[in-house]
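Subject: A structure for you to look at

Hello,

Here is the structure I promised you. Please open it and keep it in view while you read.

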Amino acid sequence: MDLTAIMRPNVRVRTLRRALDSVTGWLRPVSGLSRPYVDGVENLPRDGRFLLVGNHTQFGSEIFLISDAVRREIGTRVRPLADRGFGRMRGLPADLLAAFGGVVGAPETARELMRHDQTILVFPGGGREIPKFKGEEYTLRWQGRAGFARLSVENGYPIVPAGLVGGDDVYRSLTTRDSVYGRFSEALGRRLNGRPDMAMPLLRGIGPTWIPRPQRMYLRFGAPIDTTTPLGVSGERWVDIVKGRTQRALEQILADLQRVRTTDPFRELNPLAWSGAVVP
């Protein structure tokens, strides 16, 4: 794959990137009012050569919070790996994705980025991890997804788990996956696009509306996971071990952050509790 378009984007993309960087700078003071909880930044390798592995939430703020926290801490631009469907985008949407640093998450793309020591962000659950039915909040849906571990092992790339809590509480799911509606939604997804795993739950925000519920975001970076294959362990066996270690580390982060949130008076962004917000 030719990485020139990614590493040396055209004039349109460079212009959009400067605009996005400016907007991000302007919005940081506003974002600061919500006091996002961020810890574990000391775990980020200073050379920027690592793979961030995160969890998707229904709100989607994890992509921006993770990328911004990394850039503020070590100065590198994160390269999120987007769903292959984004590869069909053209025009302004495609330019915006490139301006943000995103690339289509194909194995060959990730390999090239790793060869150039880029900081990469991946969500192994993909799009199917975004819609959460009742009881599925902060669960990982990684069944059959080991590509991130395989690529990391092949290239000796450290993995940094990055867990975010808060995004699955902006909306509340009203239905379970095994309900009548849940089964209907899966059947509809299968019929429309062959993806029953992309079934959509019934959601509500504030009251019966779709207005987002104010929620504080909690982000934690875990300790780097060494992917160097030890002597006497086969390649595929080691890939399974790395995937398992990453998943357990991320699940532990999510569990810990949920406990932090339960004791935080500012978890629903009540202005009266701003000064008492839990800090790392």
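Two strands pair if DSSP finds at least two bridges between them. You will need that rule below. One caution: this is a predicted model.

**The whole protein**

The protein has 280 residues, and 44% of them are buried. Its elements are 8 helices and 9 strands. The accessible surface is about 14300 Å². Carbon and sulfur atoms account for 58% of that surface. Now take the contacts between residues at least 6 apart in sequence: 78% of them join residues at least 24 apart.

Start with strand E5, residues 119-122. How does strand E3 (residues 78-82) run relative to E5? The two are parallel, and 3 bridges join them. That meets the rule of at least two bridges. Arg79 has Ile120 of E5 as its bridge partner. Pro80 has Leu121 of E5.

E5 also pairs with strand E2, residues 51-54. This pairing is parallel too, again over 3 bridges. Here Leu51 stands opposite Ile120.

Next, the side chains. In a regular strand they alternate between the two faces of the sheet. You can follow this in E5. Thr119 and Leu121 point one way, while Ile120 and Val122 point the other way. All of these are buried. In E3, Val78, Pro80 and Ala82 point one way, and Arg79 and Leu81 point the other. Why is E3 called largely enclosed by the rest of the structure? Because 5 of its 5 residues are buried.

Helix H3 covers residues 62-74. Its 13 residues should span 18 Å at 1.5 Å a residue. The C-alpha atoms at its ends are 18 Å apart, so the two values agree. Buried residues in H3 include Leu65, Ile66, Val70 and Ile74. Gly75 follows H3, with a positive phi near 80 degrees.

Helix H6 covers residues 147-155. Its buried residues are Phe148, Ala149, Leu151, Ser152 and Val153. What do they pack against? The partners are E2, helix H5 (107-115), E5, strand E6 (159-165) and helix H8 (235-262). H6 is also followed by a glycine, Gly156, with a positive phi near 60 degrees.

**Aromatic pairs**

How many aromatic pairs does a search of the whole structure find? It finds 2. One joins Tyr37 and Tyr218. Their ring centres are 5.7 Å apart, with 40 degrees between the planes, and the pair is tilted. Tyr37 belongs to strand E1 (residues 37-39) and Tyr218 to strand E9 (residues 218-221), so the pair ties together parts that are 181 residues apart in sequence. Tyr37 counts as buried, at 5% relative accessibility. Tyr218 counts as buried too, at 0%.

Trp142 and Phe148 also pair. Their centres lie 5.3 Å apart. Why is this pair edge-to-face? The planes stand at 70 degrees, and the cut-off for that class is over 60. Both residues are buried.

**A closer look at Trp142**

Where is Trp142? Look in the loop between E5 and H6. Its relative accessibility is 1%, so Trp142 counts as buried. Set aside its neighbours within four places in sequence. Its contacts then include Val53, Gly54, Pro124, Phe148, Lys243 and Leu250. Take Lys243 as an example. Trp142 and Lys243 are 101 residues apart in sequence, yet 9.4 Å apart in space, C-alpha to C-alpha.

Another tryptophan to find is Trp274. The charged end of Arg35 sits over its ring, 4.6 Å from the ring centre.

**Two residues with positive phi**

Asp117 is not a glycine, but its phi is positive, near 55 degrees. Find Asp117 in the loop between H5 and E5. Is Asp117 buried or partly exposed? Asp117 is partly exposed, with a relative accessible area of 40%.

Tyr138 has a positive phi as well, near 60 degrees. Tyr138 sits in the loop between E5 and H6. With a relative accessible area of 7%, Tyr138 is buried.

Best wishes

Methods: Residues numbered from 1 in each chain as written. Heavy atoms only, no water. Buried < 20%, exposed > 50% of the residue type's maximum accessible area, 1.4 Å probe, protein only. Helix = DSSP H or I, 4+ residues; strand = E, 2+ residues; numbered from the N terminus. Phe/Tyr/Trp six-rings, centres within 6.5 Å; stacked < 30°, edge-to-face > 60°. Lys NZ or Arg CZ within 6 Å of the ring centre and 35° of its normal. Contact = heavy atoms within 4.5 Å. Areas by Shrake-Rupley, 256 points an atom, 1.4 Å probe, with all protein chains shown as cover. Expected span 1.5 Å × (residues − 1).
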